[in-house]
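Colleague: I would like to go through this model and hear the grounds for each label you put on it.

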Amino acid sequence: MSIKRRELLKIFGISAVSTPLISFFSHNASYGTSPNIVIKPPPLRIGDTVGLISPAGMVDTEDIQKAKQTLANLGLKVKLGKHILDRYGYLAGKDIDRAADVNNMFADKSVRAIIAMRGGWGCNRILPLLKYPLIRSHAKIIIGYSDITSLLLAINARSRIVTFHGPVAISSWNKFTLDYLQPILFQGKMVSMTNPLTTELRRRIINPGIATGKLVGGNLSVVCAMVGSPYLPSWNRRILFVEDIGEDIYRVDRMLTQLKNAGILSQLSGFIFGQCTRCSMGDDPSLTLMEVLNDHIKPLGIPAWYAAMIGHIRDKFTMPIGVNVEIDANQGKISMLEPAVALEKMGKF
């Protein structure tokens, strides 16, 4: 091992056996791009081709037809992953094939953005099979939510590109959702996101105040399942947003306790809990969700609130992971401080 390589390993705290990360640094050096610089993908345009993949749960032809129509309504063309209809138990095919679809969509120059068909389970299984240097050198929009959280966080952490927590292909791409998605992904606007006054969701302040930081987050269960792996981004001064579905309150308590004991919550500058859809206190004596949030988040003293339009709901914000934002817990407001796509590439590809 050369002296320069030893020095590099010491700087990044990497052992001599950490070959994937060494390969990552070496590859990006060849492209003249520092691995510490976050790359923004090019924006979408009418007429672009988007790639549809099934990296987690399985789908059928009816799901694909629905997704094609949704995207056609936005003026977008569709290219299907080779293994999009594969099945392997509850998964959309073997790990190696689902990973290949992700890698191939990034490598395909005709594809402008990648949209996951649905969540479910399975993305964590393919993280070691993704080609992160290739993904970085072919940065493009990738969007989804739920189990897709694994891909979004891993690609942001290892490929250092902005990713997007938003609708999957079979979601309801309604007016509310598009009013946030289109300005962010197509127009490169810096959007502010607040719940509409007409929503039935009751926003609750955990801690008042204003904070800034890079957005990071997704499905709480998935985030916790990734703790201890090399696929999570830095938590220092981050704004963490989470959401979940179908979890008993004690499980939410358990997961937040895990993040606390792992030293993650103490590093944050802000916290947003979106929706906990169909989360129940169960039949036994239970804390409420707000009591759990107050127990874990309130002592941190950071701006925080519950009930943002994030999660397993029809109306969704598009949350750009890796982008600097300002949050105002008093108003339940998330304000982007920079575009999430590369403005210099508007009109180019």
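Colleague: How many bridges join E3 to strand E4, and how do the two run?

Modeller: This is a predicted model. Three bridges join E3 to E4 (residues 141-144), and the two strands run parallel. Since two strands pair if there are at least two bridges between them, E3 and E4 therefore count as paired.

Colleague: What joins strand E1 to E3?

Modeller: Four bridges join E1 (residues 49-53) to E3, again with parallel strands. Here the bridge partner of Val-50 is Ala-113.

Colleague: What makes you say that both faces of strand E3 are covered?

Modeller: In a regular strand the side chains alternate between the two faces of the sheet. In E3 (residues 113-116), Ala-113 and Ile-115 are on one side, Ile-114 and Ala-116 are on the other, and all of them are buried.

Colleague: Why is Glu-247 called buried?

Modeller: Its relative accessible area is 15%. The cut-off for buried is under 20%, so Glu-247 falls in that class. The residue is placed in the loop between E9 and helix H10 (249-261).

Colleague: Which residues does Glu-247 touch, leaving out those up to four places away in sequence?

Modeller: Glu-247 touches Ser-221, Val-252, Met-255, Arg-278, Cys-279 and Ser-280.

Colleague: What makes the pair of Glu-247 and Ser-221 side chains a polar contact?

Modeller: The distance is 3.1 Å. The limit for such a pair of N or O atoms is 3.5 Å, so the two side chains qualify on distance. Glu-247 and Ser-221 are 26 residues apart in sequence, and their C-alpha atoms are 9.0 Å apart.

Colleague: What is the strand order in the open sheet of eight strands?

Modeller: The order is E6-E14-E13-E8-E9-E10-E11-E7, with mixed pairing.

Colleague: Why are strand E6 and strand E7 called edge strands?

Modeller: E6 (192-193) and E7 (204-207) each pair on one side only. Helix H11 (residues 289-296) packs on this sheet, where it touches E7, strand E10 (270-277) and strand E11 (304-306). The direction of H11 makes about 20 degrees with that of E7.

Colleague: How do you know that E8 and E9 pair?

Modeller: Six bridges join E8 (residues 210-219) to E9 (residues 238-245), and at least two are required, so the pairing stands. These strands run parallel. Asn-219 stands opposite Glu-243 in E9.

Colleague: How many aromatic pairs does the count come to?

Modeller: Five.

Colleague: Why is the pair of Phe-273 and Tyr-306 called tilted?

Modeller: The ring centres are 5.8 Å apart, and the limit for a pair is 6.5 Å, so Phe-273 and Tyr-306 count as a pair. Their planes stand at 55 degrees; stacked requires under 30 and edge-to-face over 60, so the pair is tilted. Phe-273 lies in E10 and Tyr-306 in E11, so the pair ties together parts that are 33 residues apart in sequence.

Colleague: Are Phe-273 and Tyr-306 buried or exposed?

Modeller: Phe-273 has 0% relative accessibility and counts as buried. Tyr-306, at 14%, also counts as buried.

Colleague: Which residues form one aromatic cluster?

Modeller: Phe-176, Tyr-180 and Phe-317 do.

Colleague: And what are the totals for the protein chain?

Modeller: The chain has 11 helices and 14 strands. Of its 349 residues, 55% count as buried. Among contacts between residues at least 6 apart in sequence, 80% join residues at least 24 apart.

Notes:
Residues are numbered from 1 along each chain as its sequence is written. This is a predicted model: local features need pLDDT of at least 70, side-chain atom pairs count only at pLDDT 80 or more; totals for chains, interfaces and linings use all residues. Side-chain values use heavy atoms; hydrogens and water are left out. Contact means heavy atoms within 4.5 Å. Axes are lines fitted to C-alpha atoms, for helices over the stretch in contact, and angles run from 0 to 180 degrees between N-to-C directions. Rings of Phe, Tyr and Trp (its six-membered ring) pair if their centres lie within 6.5 Å; planes under 30 degrees apart count as stacked, over 60 as edge-to-face and the rest as tilted. Buried means under 20% relative accessible area, exposed over 50%, partly exposed in between (1.4 Å probe, protein chains only). A polar contact is a pair of N or O atoms within 3.5 Å; within protein, one must be able to donate a hydrogen and the other to accept it, and residues adjacent in sequence count only if both atoms are side-chain atoms.
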